[in-house]
Structure formats: structure tokens, C-alpha cells
Amino acid sequence: MEACWKAHVLMNSFPQLPGEPADAFEQLLLHRDFGPSRQFSQTADVVGCSESTLRRRAEQWNWVERLADYDSGMLQQASEARTKEDLQRYKHQLETFRQEQLARARTVGDRAEDLLAMVERSVRHHLEAGTVLQGREIPSVMAAACKGLEGAMELEGMALGVSELLVRQNYQQMN
């Protein structure tokens with residue numbers, strides 16, 4: 001929207017030179033609106049005069065330089081709009097990545113908590129039954145659950161880091 005407004009302002013602020021006849025200026029505006037690939041023959045057909053008349057007016061009123069400045073300004077605005085579009089796309093990608101990391105963290109954390117609950121139920125069952133636990137299964141399962149919780153916290157930390165990056169980018173854009 002902002003790029004369209006800037007383009008509108010640029011088009012409407014295209015100045016008429018002092019002493020430049022209104023009809024010559026109107027012809028220049030029509031010629032300008034054909035874009036960078038404009039040709040005098042196109043403009044001559046539309047305005048109903050000869051190509052040589054337009055070329056004389058173009059030379060007298062410096063159309064080539066004025067249109068080069070205009071085209072350069074329009075190109076700059078298009079480039080700025082493209083940069084903003086790229087930044088918005090990057091922000092969207094970061095936000096998507098952040099959401100995916102948070103979802104992964106929740107899933108890994110839930111699985112680790114399920115594993116710990118299963119170990120707790122198993123130990124409680126053996127205690128109630130009066131049986132002795134032997135082997136290394138319980139410690140290795142506990143270690144796996146702890147690693148899972150640690151991994152979930154790392155994923156959350158990564159997502160929070162991305163959130164911080166997004167906040168900084170928004171702050172920099174506002175200033």
C-alpha cells in the first residue's frame with residue numbers, strides 16, 4: 001500500500017517546467033506513462049502529431065533527462081517495496097519456525113513426562129507387590145526421560161530466541 005502511495009506521489013509531483021506549454025507537458029506525461037520502453041512513435045499516434053514534433057519538444061524541454069530521473073525514482077520505489085516484501089516473508093518464515101519449535105517442544109516434553117509417569121507406575125507396582133527391581137532398565141529409562149525434557153527445554157529456548165529476534169526487528173522498523 002505504501003509503495004502504491006509513493007508511486008502516486010511521484011507521478012503527481014512530476015513538475016512542469018517554467019514556460020513549458022501545457023500541450024507539450026501533457027504530451028510528456030503521456031509519453032512518460034508508456035514506461036521505460038516508451039517510443040516517440042507510440043506517443044505520436046496517441047496525441048495525433050508527428051514524431052519529429054515530439055522529438056523537437058523532447059529536446060527543447062529535456063524530456064530524456066526528466067524521464068530518466070522519473071524512471072530511476074520509480075525503480076527505487078519498486079526496489080524498496082520488494083525489500084519490505086522480502087522482510088515480511090522472512091518474518092513470516094521466522095514466526096512459522098518458532099511455532100513449529102514450540103509444537104515440537106510440547107510433543108517431546110509430553111512424551112518425556114509420559115515416560116516418567118510410566119516409570120513411576122512401574123516402581124509403585126513393584127513396591128506394592130513387594131518385588132525387587134533388578135537390572136538397569138529403570139535408570140536408563142529415567143535418563144532417557146530426562147534427556148527428552150532437556151531437549152524440550154532447548155527447543156523452547158530456541159523458539160524464545162526467535163521471538164526475541166522478531167521483537168527486535170519490529171522495534172527497529174518502528175524507529
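**Side chains in conversation**

Analyst: Happy to! Let me start with Phe34, which counts as partly exposed at 31% relative accessibility. Here buried means under 20% relative accessible area, exposed over 50%, and partly exposed in between (1.4 Å probe, protein chains only). A word on the background: this is a predicted model, where local features need pLDDT of at least 70, side-chain atom pairs count only at pLDDT 80 or more, and totals for chains, interfaces and linings use all residues. Residues are numbered from 1 along each chain as its sequence is written, and side-chain values use heavy atoms, with hydrogens and water left out.

User: Where is Phe34 found?

Analyst: Phe34 is in the loop between α2 and α3 (40–47). Helices (H or I, at least four residues) and strands (E, at least two) are DSSP runs, numbered from the N terminus.

User: And which residues make the nonpolar surface patch?

Analyst: Leu30, Phe34 and Val46 make a nonpolar surface patch of about 240 Å². Patches are made of residues with over 30% relative accessible area and no salt bridge; like charges are joined within 9 Å, and nonpolar side chains (Val, Leu, Ile, Met, Phe, Trp, Tyr) within 5 Å. The accessible areas come from the Shrake-Rupley method with a 1.4 Å probe, and for residues only the protein chains shown count as cover.

User: New topic: how many salt bridges are there?

Analyst: The count comes to six salt bridges, where a salt bridge is a side-chain nitrogen of Lys or Arg within 4 Å of a carboxyl oxygen of Asp or Glu. One of them joins Asp23 and Arg57, with the closest N and O atoms 3.0 Å apart.

User: Which helices do Asp23 and Arg57 lie in?

Analyst: Asp23 lies in helix α2 (residues 22–32) and Arg57 in helix α4 (residues 51–60), so this pair ties together parts that are 34 residues apart in sequence. Asp23 is partly exposed, at 39% relative accessible area.

User: What about Glu120 and Arg124?

Analyst: Their side chains meet in a salt bridge too, at 2.8 Å from N to O. Glu120 and Arg124 both lie in helix α5 (residues 63–129), four residues apart, which is about one turn of the helix. Glu120 is partly exposed at 44%, and Arg124 is partly exposed at 44%.

User: Is Arg32 buried or exposed?

Analyst: Arg32 counts as buried, at 6% relative accessibility. The side chain of Arg32 meets Asp33 in a salt bridge of 2.9 Å, N to O, and Asp33 is partly exposed at 46%.

User: What does the charged end of Arg32 sit over?

Analyst: The charged end of Arg32 sits over the ring of Phe14, 5.1 Å from its centre. Arg32 also lies over the face of Tyr70, at 5.1 Å from that ring centre. The rule asks for NZ of Lys or CZ of Arg within 6 Å of the ring centre and within 35 degrees of the ring normal.

User: How many aromatic pairs does the structure hold?

Analyst: The structure holds three aromatic pairs. Rings of Phe, Tyr and Trp (its six-membered ring) pair if their centres lie within 6.5 Å; planes under 30 degrees apart count as stacked, over 60 as edge-to-face and the rest as tilted. Phe14 and Tyr70 form an edge-to-face pair, 5.5 Å centre to centre with 90° between the planes. Both Phe14 and Tyr70 are buried.

User: How are Phe40 and Trp63 arranged?

Analyst: Their ring centres are 6.3 Å apart and their planes are at 25°, so the pair is stacked. Phe40 is in helix α3 and Trp63 in helix α5, 23 residues apart.
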